[in-house]
Amino acid sequence: MTQHSRGLQKHLILSCILLGTLLSACLPRGSTPARPATLITFACPRSDLSLYQDAAETFHQANPSIRIHVIPLDDSIVSPATGQTDALASVRRLASQTDTFFWSEAAVEGGPPGLLLDLTSLLEATGGPSEADFLPGLLAHFRWQGRTWGLPAGVDPLVVLYDPAAFEAAGLEPPTAGWTWSALFDAARQLTQQQDGQVLRYGFADPGLGSVRSAVEALGGRLVDETVDPPAPTLDDPRTVAAVRAYADLALAQRAMLNPAEAGLVDAFALVREGHAAMSVSLGRFWVGGGRDDALGVAPLPEQSPVWAYGYFISAGTAHPDAAWRWLQFLSREVARPDCLPARRSLIPQSAYAVAAGEGALEAFQYAAEHALPPLHPMAVEQLLRQAVERVFGG
């Protein structure tokens with residue numbers, strides 16, 4: 001090294017020392033340089049980015065040491081609202097790429113394999129939220145094998161749309177909360193109109209077969225044997241077979257129900273509005289999302305209703321579990337999604353969902369959520385049941 005080079009190096013070192021001294025002098029006496037905020041990533045559907053970005057900013061203002069980076073779910077991942085197909089593969093990707101994320105209750109089955117952070121001890125240590133904070137039984141949808149894997153965000157209940165005029169013309173009382181599947185079957189037969197061997201109006205329709213588990217269990221079917229480990233499907237149980245036969249006969253033998261195999265892609269609202277069916281099954285989100293028609297009636301499904309529950313989860317691989325948990329608590333307490341009934345009781349009355357639903361429909365949605373079928377694990381069993389019943393209707 002030349003004398004000139006050594007001199008230049010010495011000059012640079014002295015400059016750096018002097019700069020550090022000047023910067024230190026600028027800090028208040030006794031203070032230390034601020035640490036960078038902990039960064040937590042959160043994935044949600046692309047359509048919800050602005051909702052959660054606003055929530056992240058509000059959270060950061062109250063928690064300056066934590067920043068939330070909101071990202072859209074990978075476009076190649078199936079939306080949590082479209083079904084449970086290959087759900088565990090989607091959860092595996094989300095858990096490997098994010099700290100926290102929004103997903104359907106299907107993510108719960110990623111807990112035992114080690115994809116999700118077990119929230120049980122965090123719930124116990126912080127004292128909440130508790131079961132009483134949520135709609136009845138909803139927290140159970142985020143538990144499996146004795147552990148809690150997520151916090152409920154909202155629920156999308158399955159309900160019955162019906163034509164009040166059709167019931168009045170048939171001399172029938174409209175459906176109300178607490179009715180039975182036997183009452184629905186009887187009403188469907190009486191509401192069906194036929195002429196010259198052709199059905200002019202069906203009494204009942206469920207093109208998506210969302211109601212099938214409710215009907216089959218109410219009729220005595222048993223879908224899972226929980227006395228063995230792991231729980232085993234019992235779709236060949238004689239009681240299940242008899243229940244499926246009774247459900248299918250409403251369409252195949254009695255022609256009081258629109259055959260789902262022949263329905264194709266149809267709108268539940270159009271079926272009732274246009275007189276093709278006196279009753280049809282629909283998810284609540286279609287009503288609040290623009291389908292609302294106050295000329296139609298809304299009732300919960302008989303007995304126990306299927307619901308689609310959604311929640312918030314923490315990846316097992318997060319480097320900041322405490323910060324992630326604080327974010328989940330905030331989301332659960334403060335954020336009411338507009339497309340589903342809020343899971344928190346306290347968020348329901350003033351929510352955009354309640355306003356969009358209207359008083360009568362909201363009452364039906366809430367009753368359905370409060371009388372929901374319990375979670376079924378493994379969830380693939382319900383898919384197997386639906387596929388089997390589709391084959392029955394298809395001949």
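Guide: Helices are DSSP runs of H or I with at least four residues, and strands are runs of E with at least two, both numbered from the N terminus. By that rule, Ala 323 sits in helix H12. This is a predicted model, where local features need pLDDT of at least 70, side-chain atom pairs count only at pLDDT 80 or more, and totals for chains, interfaces and linings use all residues. Residues are numbered from 1 along each chain as its sequence is written, and side-chain values use heavy atoms, with hydrogens and water left out.

Visitor: Why is Ala 323 called buried?

Guide: Its relative accessible area is 11%. Buried means under 20%, exposed over 50%, and partly exposed in between, with a 1.4 Å probe and protein chains only. So Ala 323 counts as buried.

Visitor: What does Ala 323 touch, beyond residues up to four places away in sequence?

Guide: Ala 323 touches Thr 38, Ile 40 and Ile 66. Contact here means heavy atoms within 4.5 Å. Ile 68 is 255 residues away along the chain from Ala 323, and their C-alpha atoms are separated by 9.7 Å.

Visitor: What makes up the largest nonpolar core?

Guide: A nonpolar core is a set of buried Ala, Val, Leu, Ile, Met, Phe, Trp, Tyr and Cys residues joined through side-chain atoms within 4.5 Å. The largest one here has 69 residues. Phe 42, Tyr 247, Met 279 and Trp 327 have the most contacts inside it. Helix H12 (residues 321-334) gives the most to this core, with seven residues. Apart from it lies another core of 44 residues, including Leu 73 and Leu 296.

Visitor: Which residues does Trp 327 touch, not counting those up to four places away?

Guide: Among them are Ile 40, Phe 42, Tyr 52, Phe 59 and Thr 100.

Visitor: Is Val 281 buried or exposed, and how do you know?

Guide: Val 281 has a relative accessible area of 7%. That value falls under the 20% limit, so Val 281 is buried. Its place is in strand E11 (residues 279-283). Leaving aside neighbours within four places, its contacts include Leu 158, Phe 204, Asp 206 and Leu 301. Asp 206 is 75 residues from Val 281 in sequence and 5.1 Å away in space, C-alpha to C-alpha.

Visitor: Why is helix H6 said to be roughly parallel to H8?

Guide: The axes of H6 (residues 181-191) and H8 (residues 238-252) come within 11 Å and cross at roughly 15°. Angles under 35 degrees count as roughly parallel, over 145 as roughly antiparallel, 65 to 115 as roughly perpendicular, and the rest as oblique. So H6 is roughly parallel to H8. Trp 181, Phe 185, Ala 188 and Arg 189 in H6 meet Ala 246, Tyr 247 and Leu 250 in H8.

Visitor: How many of the chain's residues are buried, as a percentage?

Guide: Buried residues make up 49% of the 395. The chain has 15 helices and 14 strands.

Notes. Axes are lines fitted to C-alpha atoms, for helices over the stretch in contact, and angles run from 0 to 180 degrees between N-to-C directions.
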